[in-house]
Amino acid sequence: MSGRGQDARARPAAPEASSRPRPRSKPALVLSLPSETAYLGLVREVTKKMAEVAGFTEPVAERLSLAVDEAATNVIEHAYKGASDREVELRFEDRGPDFRVELVDTGQMVDPRAVPQVDLDRFVTERRTGGLGMHLMEKIMDSVTFRRSARRNVCALVKHKEGEGTSRA
């Protein structure tokens, strides 16, 4: 056995303030998936598990997974126009008082203001399907924002932990 490996393990790394990651209450998770609807089940499962780990009750975690599923579906169907050879990146982060999920894509930018408001009574009367994604996301989450960064679309979904739906440890 070479002494070189032992020396490297025994010596503490020099502290460099600039290279240290910022402390987080919980680790982040980044998941990169093909832009195929076949992966939406995985999106729901991972979102639910991350929400539960962040302290949300199972029913709230289920609703959060629905909101993220809707956002991912919108990326696949609208930003990528159904192309299955693209990638959707999901970033999950427990920020202490907030649970944040970002969906990042390189597809066409969709202006959320151009999405028509939903008249639920008319929707039900006409037995329409589809078109409720934005409405559901806004009802479930405390904040839904869209931005363009480095030629990529970023949809940020945030749910505050305080109050109903979080368990006290």
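1. Arg151 sits in the loop between E4 and E5, in a predicted model. Helices (H or I, at least four residues) and strands (E, at least two) are DSSP runs numbered from the N terminus. Arg151 has a positive phi of about 60° although it is not a glycine. With 72% relative accessibility, Arg151 counts as exposed, where exposed means over 50% relative accessible area, buried under 20%, and partly exposed in between (1.4 Å probe, protein chains only).

2. Ala150 belongs to the loop between strand E4 (143–149) and E5. Its phi is near 50°, again a positive value in a residue other than glycine. Ala150 counts as exposed because its relative accessibility is 70%.

3. Concerning the basis of the values, residues are numbered from 1 along each chain as its sequence is written, and side-chain values use heavy atoms, with hydrogens and water left out. As this is a predicted model, local features need pLDDT of at least 70 and side-chain atom pairs count only at pLDDT 80 or more, whereas totals for chains, interfaces and linings use all residues.

4. The protein has 5 helices and 5 strands, which follow the pattern α-β-α-α-β-β-α-α-β-β along the sequence. Of its 169 residues, 36% are buried. Contacts (heavy atoms within 4.5 Å) with a separation of 6 or more are 63% between residues 24 or more positions apart.

5. The largest nonpolar core contains 33 residues; such a core is a set of buried Ala, Val, Leu, Ile, Met, Phe, Trp, Tyr and Cys residues joined through side-chain atoms within 4.5 Å. Leu64, Leu90, Phe99, Leu103, Met137 and Leu157 touch the most other members. Two or more residues each come from strand E1 (29–34), helix H2 (40–53), helix H3 (58–79), strand E2 (87–94), strand E3 (98–105), helix H5 (133–140) and strand E5 (152–160). H3 gives the largest share, 10 residues. In soluble globular proteins, nonpolar side chains tend to be buried together.

6. Leaving aside residues up to four places away in sequence, Phe99 touches Thr47, Met50, Ala51, Ala54, Phe56, Leu64, Phe92, Glu93, Leu157, Val158 and Lys159.

7. A search of the whole structure finds 1 cavity of 30 Å³ or more. On a 1 Å grid over the protein atoms alone, a cavity is a set of points where a 1.4 Å probe fits but cannot get out, and lining residues have an atom within 4 Å of a point. The largest cavity has a volume of about 50 Å³, volume being the space filled by probe spheres set on the points, which are joined across faces, edges and corners. Its lining includes Leu33, Tyr39, Val43, Ile76 and Leu90, and E1, H2, H3 and E2 each give two or more residues to that lining. The lining residues divide into 9 nonpolar, no polar and 1 charged (Ala, Val, Leu, Ile, Met, Phe, Trp, Tyr, Cys and Pro being nonpolar, Asp, Glu, Lys and Arg charged, and the others, Gly among them, polar).

8. Glu89 is placed in strand E2 and counts as buried because its relative accessibility is 19%. A polar contact of 2.6 Å joins the side chains of Glu89 and Arg91; the term denotes a pair of N or O atoms within 3.5 Å where, within protein, one must be able to donate a hydrogen and the other to accept it, and residues adjacent in sequence count only if both atoms are side-chain atoms.

9. Val144 lies in strand E4.

Technical notes. 1 Å grid on protein atoms, 1.4 Å probe; cavity = no way out; pocket = protein on both sides within 12 Å on 5 of 7 lines; lining within 4 Å.
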